[in-house]
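Hi there,

Here is the structure I promised to pass on. Please have a look at it, and then read my notes below.

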Amino acid sequence: MLVKRLLCSYTKAFNRLHRGASGNQNANSLDYNVTPFCGMAVGRSFSSDAHHPPDDGQKPVTVSLYQMKKTIKGASAMLGESFEGPTCIQTVCPVCHIVPGVEGKVATDTVRSKIFVNKTTGNFTCSSCQYLGRWDHIEKFFPPYSRAPKTVQELRKLRDAFLELKLEHVGVVCPVPGDTVPVDSLEGARDVIRCLQLENIIPEALVNVKAHWHRENHELFIPMVDVEHRTIGYKKLHVGSDGEICERTVPEANASGLIYLRCSPSNAGTKAKDQSQINAILVLNVLDLLALGSVKLNATAVCLPHGLKTLPQQCLPGLDRFQRLTLWFNYDTAGWDTARNFAKKLDERRCMFVRPTDHHPTPYKALLEEATEPKAILAKAQPILHQSITTFRALRQDVLSDLQNIDKVQGVKWKRYPTLNKLLKGHRKGELTVLTGPTGCGKTTFMSDYSLDLAQQGVSTLWGSFEIRNTRLAVTLLRQMVGRPLDENLADFEQWADAFERLPIYFMTFHGQQPIKIVMEAIEHAQYVHDIQHVIIDNLQFMMGVLDETKHLDRYWKQDAIIAAFRTFATRRNCHVTLVIHPRKERDTDELTTSSIFGGAKASQEADNVLIIQDKRLTSVRGKKYLQIAKNRYSGDLGIMPLDFDKASLSYAQRKKKPEGGDDGGGATEAPASEPIDRTVRRAF
């Protein structure tokens, strides 16, 4: 009976996946789902690779690491020994390697049949096709299992369905364009260095990364390889119109490849032990990689695919062989925050970090300055893990970094709301914001506009809308991005939809009242997989649950427990959380205050920022709607921001003041103050 239920569930999941694949080929659809695509419940498994169609909202449950190890170890008699790394468990794929009912091993290429099971999410990655699947998809195929003829027959049907599914959803492979030529000689490498003006880069570095050169377009291609050293993507470098090096990653999302460059040891002539197989230095761009390759270091330099944006879990198997990882990122607060998040994925116990100060620049800048020795900077790398008790001496470099990067410490600035920049200073990670306002005042519309502004600047956002459907929310976001109704301009839909897909915005598929445990599970795994920096919950009252075991609990106690859970998540995961909470029912003539927030005092106490939408249009002839900053823990600045609604764009964006005798330029938003550009990093990714 169990096998019948598994077969039925697997068949339904396959049919849903087949319909989803044929009906929607866009990788990041507007109604994006962070839940898995299979109908069978399994937890901590949010297989949401861009090329795998999502499921229709099935609830996950927890995957036990102990159970995964036990299952894999039990199959070692037929599959051979498995290997446990810091982030993944490596074993042979039981689906490709074993046919149920056939004794012994099938004659297949075992090297191309390995899978890597993520120890945190339970997702597995196939080394041959980059297929990303869930643990429960493959768990049932691990031997030993019943040898009854009926069971064997059903398992074979499941295996055939799995293999067909796997073939349809292989990972994207982007080979280096065929009209390029390999840079396989020192003379050719010198010509490329001269053409791109790569100062202080030695030609051996270009040869060692197997670079390719496009002579006509003057473009340099660096292949990215997977764990089996097969080329699955590349980074393209060319000189931009401003004379700076521009870098682009192909594929643009969820690239599972890395670039490796073995640095020349300083004592190559001696019999010193080669540390390049166990020590790695992680950098964000090719220029830093080549800079490390031009320095005498006993390590392997590794370039991540998407810089500070995200570290896909498909890349983790390629880093498991290293015992120590040194993260050398941009020397600003954003680089430090990202390093801490990446270190949690990579296992903090083996991670070191180059502290971000002016004395510790990025590798390429250090190479250009010549006064700073990269090897000396690496010698000062410190562990990311801190002890429970610390001293000012240990915090001294962090304090210096904050003072030297005060603008970036203040957070990401809004482009649509310059008044918020003056009051809140910026959008910072690790904070909790509460937004409240009367019913129908436009809290969801404002929050979508508010979050879109940040997402367009690279702040990865997870939307949890429990009141309205994701499709309707996506329509609002898209219209706010375009600035005009798209139903009257359907010819432009594809162009704008493609642009919206590239934004790091994800949606949870929960609707209506949901228990906090289920929602927090989804948020934590989405943060792990997609490196979420901003979580929006609209609204908190829909999360208080209707389960029988909670019906006797006080509703204020339940709300306080939910707020405490989000406060802990924001601090522990260094992620900004915005909670939309309805106010108490009060007289329309009274202004809302922090005491008006529904529930106890915990919401206003725990929040770092309290934003209140005051709507006086119905109580006064000349009444206005405005946003009040009622609490600001970072700087203490309080104030108000007028909210003038533009119905065409569904936006509250503040507009430029019309100059005397001039035009306002179509209502463009106020331009943010210009910021100094780092000419060394060359170009933001």
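A definition to begin with: a residue is called buried when its relative accessible area is under 20%, exposed when that value is over 50%, and partly exposed in between, using a 1.4 Å probe and protein chains only. This is a predicted model, in which local features need pLDDT of at least 70 and side-chain atom pairs count only at pLDDT 80 or more, while totals for chains, interfaces and linings use all residues. Residues are numbered from 1 along each chain as its sequence is written, and side-chain values use heavy atoms, with hydrogens and water left out.

With that in hand, strand β23 (residues 625–632) is mostly covered, since six of its eight residues are buried. Strands here are DSSP runs of E with at least two residues, helices are runs of H or I with at least four, and both are numbered from the N terminus. Two strands pair if DSSP finds at least two bridges between them. β23 pairs in the antiparallel sense with strand β22 (residues 609–615) over seven bridges, and with strand β24 (residues 639–642) over four bridges, also antiparallel. Gln628 of β23 is opposite Ile612 and also opposite Ile640 in β24. Six residues lie between β23 and β24 in their hairpin, and Gly636 in the turn has a positive phi of about 80 degrees.

Now the whole chain. The protein chain has 21 helices and 24 strands, and 55% of its 685 residues count as buried. Taking contact to mean heavy atoms within 4.5 Å, 67% of the contacts between residues at least 6 apart in sequence join residues at least 24 apart.

Two sheets are worth a look. Two bridges join β5 to strand β4 (residues 124–126), and Phe124 has Gly133 as its bridge partner in β5.

Two bridges join β6 to strand β7 (residues 212–214), where His212 is the bridge partner of Pro182.

Which helices have axes that come within 11 Å and cross at roughly 10 degrees? They are α19 (residues 516–530) and α20 (residues 555–572). That crossing makes α19 roughly parallel to α20 (angles under 35 degrees count as roughly parallel, over 145 as roughly antiparallel, 65 to 115 as roughly perpendicular and the rest as oblique). Residues making the contact include Met520 and Ile523 of α19 and Phe566 and Phe569 of α20.

Finally, Ile281 is in strand β12 (residues 279–283) and counts as buried because its relative accessibility is 3%. Among the residues that Ile281 touches are Leu292, Val302, Trp328 and Leu378.

Best wishes

Conventions
Axes fitted to C-alpha atoms, helices over the stretch in contact; angles between N-to-C directions. Lists of a residue's contacts leave out its neighbours within four places in sequence.
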